[in-house]
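Subject: Structure handover

Hello,

Here is the structure you will be working with. Please keep it open while you read the notes below it.

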Amino acid sequence: MRRLVASLFVVAVLGLVGLAAGNIKAGFIYVGPIGDYGWTFAHDQARQIVDEEFDWLETVYVESVPEGQAGTFIDQLVAQGCNVIFTTSFGFMDETIEAAARYPNVIFAHCSGFKRAPNSATYMADFYQVYYLNGLMAGALTKSGKIGYVGAFPIPELKRHINAFTIGVRTVNPNAEVHVRWIYEWFNPAAAKEAAEALIAEGCDVFAFTEDSPTVVQVAAEHGLPSFGHYSPMYDFAPEYVVSGQIVHWEAIYRDFLMKVHDGIYNPTNLQHVDYWWLLSQGAVEVGAKPGMVINPAFEDDLKAVVVNDPMLGEISVYDLVMTRLHQMGDPGVTYDPFQGPIYDRQGKLRVPEGCWLSADSLVTMEWAVEGVVGPWPGEPTE
Amino acid sequence: MKRVGPFVLERRLAPSRAAVIGVSVLAVLAALLVMAIIFWGYGVSPWHAYATIAKSTLGSRYGLMEILRRTIPLLLCGVGLVIAFRSQFWNIGAEGQLLAGAVAATGVALYSGIPAPWLLPTMFVVGFLAGAVWGIIPAFLKVKLRVNDVITTLMMNYIMIYIVEWLIHGPWKGPTMRGFAYTDTFPKAAWLPTLPLSRVHWPTLVIGLVAAVLAAFILARTRLGYEIRVVGESPDAARYAGINFLRVSLWVMILSGGLAGLAGVGEVGGIHHKLLSPVQVSVGYGYTAIIVAWLARGSPIAAIMTAALFGLIFAAGDVIKVALRMPFQVTGVFNGLILFFLIGVELLMYWRVRLAPKGERWTGKAGSSES
Amino acid sequence: MDWQSWLIGIVGRALAFGTPLLWGTLGEIYAERAGVVNLGVEGMMILGAFSAFAVAQSTGHPGLGIMVAAVVGGVAALIHAFLTVTLRANQYVSGLALTMFGLGLAGLLGRGWEGIPLRQPLPDVTIPGLAKIPLLGPMLFEGQSILTYAGLILAVVLWIILYRTRWGISIRSVGESPATADALGVNVFLIRYLCVMFGGVLAGVAGGFLSVDYRPSWTEGMTAGMGWIVIALTIFAAWDPLQAIGGALLFGALYHLSYRLQAWLPPELLKLMPYAFAILVLAIAGLGGAGRRRGAPGALGVPYARGEK
């Protein structure tokens, strides 16, 4: 017991000395393998970027951590001298908060959750605006009027994304439908493949998805159908068929957070209200088939050929509409939001009144399905 | 009998205790040796690897607690499997029985409304029963319909996995979990107490130790234990003695499945405090327990030691991941290797080497070496 | 949607998903027909999947990848054969060890190969004349993998070998009563070795199909329990290569339908069917008084030692 106290003391002292000297050792706890080509891969790319940028920063990571064991690995990382720890899965939320209480001198940041503590912040880079932009393009490209969406879990994050995507689709093509299938796993290429095949069999001819592999892109390309990449740049998997997609830049958040820790702006007592909810305008997410390519040139002509009538912008091609909206949401003063009322859910209930935007809180707890979504929707509000 | 130069290999009917222990230790050492080569091939000095593992597991209170935490489910499942294997019932289904216990405990914790002091005991009782029910189905099928026990227990693991998946995606999905696939968190009254600064839910550990002692007593001193041993060692004799196979098999699987069910109660009540994806509830404890039981060679008391050994291996897997930067799959390779060597050297236990001058008359029956 | 395109879609997908199941099951049938249960299918498949991907990616030849996967599967099965046939170790435990070992080793070696799209997957094939047949053509002969056709042909060939040739009689007699077979001059050990290794070869191909054809990429744990479906399917098919075709199609269809029917049925229900079917089939056979006779080899799971009773 004496040795335990002594070693805890040493750890605490080292931690404080480290912070005082401005040197940061940041530990990352990942839920999947770093090679998953999705969520964990993206976090690890960002870790490497910030690790190279700052010479006062050292990073370590643990991958494929099962839930219920994040606490174990946090203990080990703290014992190794980490003074900042990022936990990158919703399922690590309670264990992160418990660990934050255990190590009051260590700074924690939990990704995608909603519980905070004086030394534990939350952060999220969200795609809903990007999905809306992708939806505009999908609406212009579908011939059958049916668009397929392969989803991982029916959670508010995905529901928000599918809704934003559908709003985009219907802006261009008011009668189009977005057909949804769930695979109940973040990563399962075989399931993603069968779900995509099932949607193709139902007549869907454009695809978007949430799953940590390029499977849906590959399946769609095999059938000669366009799709939107998810999470990482997927252009290279099917250069002729990837229209655009969602790309994340976690490094934007990690850079900002770590610099503020380094400069003493963040310390283990003032994080109770630090919640990053970063979107296009903060550079945490990007729309594109690959970085810098908003729209695959192969689809430019198709998108320029479809013209819609916007109440504000008048007659405008989908291509120009995408670019306009991108500026409106990407520039520092955001002047447009996909969830701009009036918006009805698919049961006819008014969800966003005329002229209003949704609050961040309504966005992160969204359970309803917008008009145009077809398919199972577990947890759909019945009232 | 085989002749190798001046030596003669003789077969013996029952291996001596020393031979059993010696051969088992030999198997573990052989697996460690092959692992050393794998470490080396991966660019990690085996010496450094083993030293780091020893220091971070056995060398600190924290490490010891992590070992204990992993030992709990392995011990409960392992003792149950020892009982089953003693009667030649091939229960490969501890994983599913563990999950059945976890499901039952979750149901009690979240939906029963039982008041605080009775909540945890009820979770254990119902968890035991659920594991037992999941266990006696294969027992019934085996005795009554002669359906292979390995296959049924194995298949029922997967059926239970999908039942858990369905529960957390469907009817039991927690309203406070923002749509994620978990049940709600248990009320605090359903949390098992833990040793300070650790995740060792000690009530389950105590139950495991008591179960091991009780199982040893049952096997050695009771009529049921006698019948279990006879059924396992000589089914013909058991039939001749009029032993009721159905009764014995049902009891065996009530105990075996029930103990695994208790392990499931411990995992959700002591670690997770909710029901979640089956691969997270149990990280293969039910399968690893097969090695635990195999290595214990029919002794529930020995299972305490072997469970602790595999608790150590699980904890070592965590260390390997963090300190040595090697993927966690190392643990799987190691478990596979130990098992290979264990069963590979099994025959050795039944042979004795003896120096024998040439010209001595053959005493054994014709064996394959002479034909 | 009309019923024809429904049927075409479902049978087509059932064939695609059923292909690795069929290959794996045909192999397991031969091993078990010779009296050796191999629960290491999952381990052999994953080793095959990884080696096929690694070879196909580095050489650019997916066919070569499949061949290497076959060899790797065979070698993995050799461990099982050595332990269970020569050392007479417990077959169930040995198979479980092989699965643990295979999953671990493939995961260990596969680091650094994850997340890469295969540069040259195995091409799909449409059989020119037959694809024109109404209904049956698009269902069976359009855009399937070459391994799908090969698996179907192999099933027929293996059935003929098993039931219509001297080899088949030898294999079945070894699995039924090794002592009798031995007395009749059949080399029990050789046949068991060969059948177990053949099982490994086919399991390796099944794994290779997943990584260079079905979804051309490698991920740790990508077999995702398929090896256990193979074990279930072997029973379901009553150890008969032709029935394995039907079983693989049925189980493949169930998997695909769990996505097609998602709006009406919980997908978990359809996914647990294969396992439930295996138990049900055995139980029904038992009810009918057939006991384990429903195609199950008499000496299944029993090690054979010469000169012992």
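This is a predicted model: local features need pLDDT of at least 70, side-chain atom pairs count only at pLDDT 80 or more; totals for chains, interfaces and linings use all residues.

Residues are numbered from 1 along each chain as its sequence is written, chains are lettered from A and ligands numbered from 1 in the order in which they are written, and side-chain values use heavy atoms, without hydrogens and water.

The helix pair

Helices here are DSSP runs of H or I with at least four residues, strands are runs of E with at least two, and both are numbered from the N terminus. In chain C, helix α6 (residues 146–164) packs against helix α11 (residues 241–260) at an angle of about 150°, and their axes are 7 Å apart. That makes α6(C) roughly antiparallel to α11(C). Axes are lines fitted to C-alpha atoms, for helices over the stretch in contact, and angles run from 0 to 180 degrees between N-to-C directions; under 35 degrees counts as roughly parallel, over 145 as roughly antiparallel, 65 to 115 as roughly perpendicular and the rest as oblique.

Contact means heavy atoms within 4.5 Å. On the α6(C) side the contacting residues include L152(C), W159(C) and Y163(C), and they meet P241(C), L242(C) and I245(C) in α11(C).

Several residues of α6(C) are buried, among them L147(C), G151(C) and I161(C). Buried means under 20% relative accessible area, exposed over 50%, and partly exposed in between (1.4 Å probe, protein chains only).

Loop residues

S89(A) sits in the loop between β3 (84–87) and α4 (93–102) of chain A. Its relative accessibility is 9%, so S89(A) counts as buried. Beyond residues up to four places away in sequence, S89(A) touches V31(A), E67(A), H110(A), C111(A) and S112(A).

T219(C) lies between α9 (188–214) and α10 (226–236) of chain C, in a loop. T219(C) counts as buried because its relative accessibility is 5%. Setting aside neighbours within four places in sequence, T219(C) is in contact with F187(A), P189(A) and E114(C).

Backbone details

The peptide bond from G341(A) to P342(A) is cis, with omega near 5°. R325(B) is not a glycine, but its phi is positive, near 55°. R88(C), also not a glycine, has a positive phi of about 55°.

Regards
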